[in-house]
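I set out to look up charged side chains and an annotated region. My entries are kept below.

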There are 2 protein chains.
Amino acid sequence: MSTPPISRRARPAKAPLSRDVIVRTGLDILDRDGLDALTMRRVAKELDTGPASLYVYVANRDDLMAAMLDEALGRVPLTADGTWRDQIHALANATVEAMSRHEGLATVALGAIPTSDNALLVLDRMLALLKQGGLDDTTAAWAVDLIYLHLAAAAAEESAYTTKGGEEDDTIAAADRRYASLDPRRYPMITSLRQALFSPGDRDAWGLNVLINGILHTPAG
Amino acid sequence: MSTPPISRRARPAKAPLSRDVIVRTGLDILDRDGLDALTMRRVAKELDTGPASLYVYVANRDDLMAAMLDEALGRVPLTADGTWRDQIHALANATVEAMSRHEGLATVALGAIPTSDNALLVLDRMLALLKQGGLDDTTAAWAVDLIYLHLAAAAAEESAYTTKGGEEDDTIAAADRRYASLDPRRYPMITSLRQALFSPGDRDAWGLNVLINGILHTPAG
DNA sequence: ACCTGAACACCGTTCAAGT
DNA sequence: ACCTGAACACCGTTCAAGT
């Protein structure tokens, strides 16, 4: 049952290794099989080599994941049409989507001050919009931090619900059942507001508007 | 060099295994040696047993971490003095502290709808405060979600900066140097606002006030 | 310079066998 | 019922040796 060795000539040309191809392969694996499948060994296998070979281009797994996040953020469109608010929403939504689309990447964003090329491009664009809104320098600066943190968190949450094995609806239904079974004496507010807690609606848009309105009403410093 | 077996009588009484003692041992390891050290095998060793024994009380590593988060949240004081705003800040700060104090726990909170006893207690208390502030049911419900998400994210960030090997100041200084070396043509806003981006001040308190003010100005639904 | 086989020092989890 | 030794099927990373 063993395959005879195939001469280099005979088999399809092996793509040369590079940081870029490693990063893109990592993203593919993440999308196809999730975070647990993203191992150095799996990336190597996909590239028809051994894990040791990756370390020429990538310092370690964390470095690879940071590069993958940057690659994902590179696909965020930096400009949009519409009102000032529309443009902020468009940039925010695209950023959340870019992160949440690939399981586990949002967590990487939460773990470090953004310094990668494409993260900084998103930040620069958001900063331009905030300044356009008439904010002073300090408020705009603090605001961009806060918004980026919020987007990463929203992406992490969405990514977790969407990916984690089962369906998103199952997760919510299970939580709803749990809330329904709580002792009203111990959890009076949750029990009485349960309807509202699980009420449908565009919470992402609302959350971003809360941030925008709050920033407009809260000078920093 | 090998130690002779000690009779059961002679050695100190081995604490009986229980979910609680496993959870607390996990928290201890997290505090002493960080997230990477928190392995099932390490917890077992600390309890003088084998890893297989843990699975009687804990479904798997994720279950253990969820239980650890709940234990940490159980230490949050649920009441405080002062104005309405003071009370929200106190509850929020205590929650962030409880999470960020133990590396990696905040990420657990980000990955699931809160359903554990002590998380729900924090939520219930926050909900009471929000309703006290005059919010309608839907806004209060969406707001508590948003605030909890923000607190978990803030804790994750703080935890990452504080713990990640080196000092927090080093991380910031490195980011500052990176920002200083950016091409102003590609990153016009970041370069011109660099001072403001790294300006000192209580960003946590400001961020929470942004949320509170935004919620007060943004009805849900 | 780039690549790799083999090894090192680990993991989480399961399961049959013990008490 | 509770506990465990041993095993299974993996990990990330290093390093000496090759080209």
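Conventions. I worked on a predicted model, in which local features need pLDDT of at least 70, side-chain atom pairs count only at pLDDT 80 or more, and totals for chains, interfaces and linings use all residues. Residues are numbered from 1 along each chain as its sequence is written, chains are lettered from A and ligands numbered from 1 in the order in which they are written, and side-chain values use heavy atoms, with hydrogens and water left out.

Salt bridges. I searched the whole structure and found 24 salt bridges over all chains (a side-chain nitrogen of Lys or Arg within 4 Å of a carboxyl oxygen of Asp or Glu). I noted that A:Arg194 pairs with A:Asp176, with the closest N and O atoms 2.7 Å apart. A:Arg194 lies in helix H11 and A:Asp176 in helix H9 of chain A, so the pair ties together parts 18 residues apart in sequence (helices are DSSP runs of H or I, at least four residues).

Exposure. I found A:Asp169 in helix H9 of chain A; A:Asp169 is exposed, at 57% relative accessible area (buried is under 20%, exposed over 50%, partly exposed in between, with a 1.4 Å probe and protein chains only).

Annotation. I read in UniProt an unreviewed entry listing residues 39-58 of chain A as "DNA-binding region". I computed 55% helix and 0% strand over residues 39-58 of chain A.

Conventions
UniProt positions are given in the numbering used here, feature names are shortened, and annotations may be inferred rather than shown by experiment. Helices (H or I, at least four residues) and strands (E, at least two) are DSSP runs, numbered from the N terminus.
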